[in-house]
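Reader: I am new to this structure and would be grateful for a close look at a single part of it. Please begin with one residue and then follow what surrounds it.

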Amino acid sequence: MLLELNHIFKWVTTGGRRIFLLKDINFKVEEGEFISIMGPSGSGKSTLLNVIGMLDTFNEGEYTFLDTPVHQMKEKHRANLYKEYIGFVFQAYHLIDELTVYENIETPLLYKKIKSSERKALVADMLDRFNIVGKKDLFPSQLSGGQQQLVGIARALIGKPKLILADEPTGNLNSKQGEEIMELFKELNKDGVTIIQATHSETNAAYGNRILNLLDGGWVKS
Ligand code: ADP
Ligand code: MG
């Protein structure tokens, strides 16, 4: 088992009333799975991915990641777990504007104790793999949406994560770019990387070996 969520609830309180963002989520993910989460806008897909990715907390329930109880963990320990095992691909790229393409991709390696020469080689491999060698000294604002997403994916992959979380990764791309990214995920998954993606697209969802539906913060029974 890679991860397990048991009775996860997340809410915000406004005017003394609880508004549930996640309602009694149970979820087991085995290593090597490719899971697609669908659901209308506002159904909680991003919230759930952020919880799984340890970028956001929850109010109730238990979350176990590689046999480690995430719900009992201090923030720093959680952040370390994230850095070691998880690559996150955001819909809106989340690149650092002040850093070049090269520096953005290198970022996750700076958190790990990897020598400068090895970092250089790893970044060069990624630039090559994504055909963006010529863009390495540009800043995100100088790239198209598709190119920025490639940089975002290169950054997510460079640390060789066990788990990739992708929040509508092709939402801002044209269909050809989207297909390329799905094919890339398929290849990574073949190599053993676990993938959980949120998507609106039936075509993209079909790349997964399991499709789950969210509505109002809870699973839709199927
Ligand atoms: P999705 O990704 O499926 O579109 P989200 O996870 O972004 O859905 O949001 C789920 C619901 O929770 C939405 O109604 C959103 O407005 C609400 N929401 C998300 N974050 C917060 C927050 N911090 N405070 C209040 N409401 C929030
Ligand atoms: Mg979302």
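**A lysine, its partner and their surroundings**

Author: Lys-186 counts as partly exposed, since its relative accessibility is 34%. This value, like every other one below, comes from a predicted model. The side chain of Lys-186 takes part in a salt bridge with Glu-183, and the closest N and O atoms of the pair are 3.8 Å apart. Both residues belong to helix 6, which runs over residues 175-190; because they are 3 residues apart there, about one helical turn separates them. Glu-183 is likewise partly exposed, at a relative accessible area of 31%.

Another of them joins Lys-28 to Glu-4, with 3.9 Å from N to O. Lys-28 is in strand 2 (residues 17-29) and Glu-4 is in strand 1 (residues 3-14), so this bridge ties together parts that lie 24 residues apart in sequence. Lys-28 is partly exposed, its relative accessible area being 47%.

A further salt bridge links Glu-33 and Arg-210, whose closest N and O atoms are 2.9 Å apart. Glu-33 is in the loop between strand 2 and strand 3 (34-38), while Arg-210 is in strand 9 (residues 210-215); the pair therefore ties together parts that are 177 residues apart in sequence. Glu-33 counts as buried, because its relative accessibility is 10% and the limit for that class is under 20%. Arg-210 is partly exposed, with a relative accessible area of 27%.

Most residues other than glycine have a negative phi. Glu-168 counts as buried, at 13% relative accessibility. Leu-66 also has a positive phi without being a glycine, with a value near 45 degrees. Leu-66 is in the loop between strand 4 (60-65) and strand 5 (68-69), and it is partly exposed, with a relative accessible area of 23%.

The account now turns to the other helices. Glu-106 is in helix 3 (residues 101-111) and counts as buried, at 13% relative accessibility. When residues up to four places away in sequence are left out, Glu-106 touches Arg-119 and Val-123. Val-123 is in helix 4 and also takes part in the contact of that helix with helix 5.

Two packed helices are described by the angle between their axes and the distance between the axes. For helix 4 (residues 116-129) and helix 5 (residues 145-158), the axes come within 10 Å and cross at roughly 140 degrees. Roughly antiparallel would require an angle over 145 degrees, and the two helices are therefore oblique to each other. The crossing of helix 4 past helix 5 is right-handed. On the helix 4 side the contact is made by Leu-122, Val-123 and Met-126, and these meet Ala-154, Leu-157 and Ile-158 of helix 5. By class, this contact has 6 nonpolar residues, no polar ones and no charged ones.

Key: Residues are numbered from 1 along each chain as its sequence is written. Chains are lettered from A and ligands numbered from 1 in the order in which they are written. This is a predicted model: local features need pLDDT of at least 70, side-chain atom pairs count only at pLDDT 80 or more; totals for chains, interfaces and linings use all residues. Side-chain values use heavy atoms; hydrogens and water are left out. Axes are lines fitted to C-alpha atoms, for helices over the stretch in contact, and angles run from 0 to 180 degrees between N-to-C directions. Helices (H or I, at least four residues) and strands (E, at least two) are DSSP runs, numbered from the N terminus. Angles under 35 degrees count as roughly parallel, over 145 as roughly antiparallel, 65 to 115 as roughly perpendicular and the rest as oblique. A crossing is left-handed if the near helix is turned anticlockwise from the far one by less than a right angle, and right-handed if clockwise. Contact means heavy atoms within 4.5 Å. Ala, Val, Leu, Ile, Met, Phe, Trp, Tyr, Cys and Pro count as nonpolar, Asp, Glu, Lys and Arg as charged, and the others, Gly among them, as polar. A salt bridge is a side-chain nitrogen of Lys or Arg within 4 Å of a carboxyl oxygen of Asp or Glu. Buried means under 20% relative accessible area, exposed over 50%, partly exposed in between (1.4 Å probe, protein chains only).
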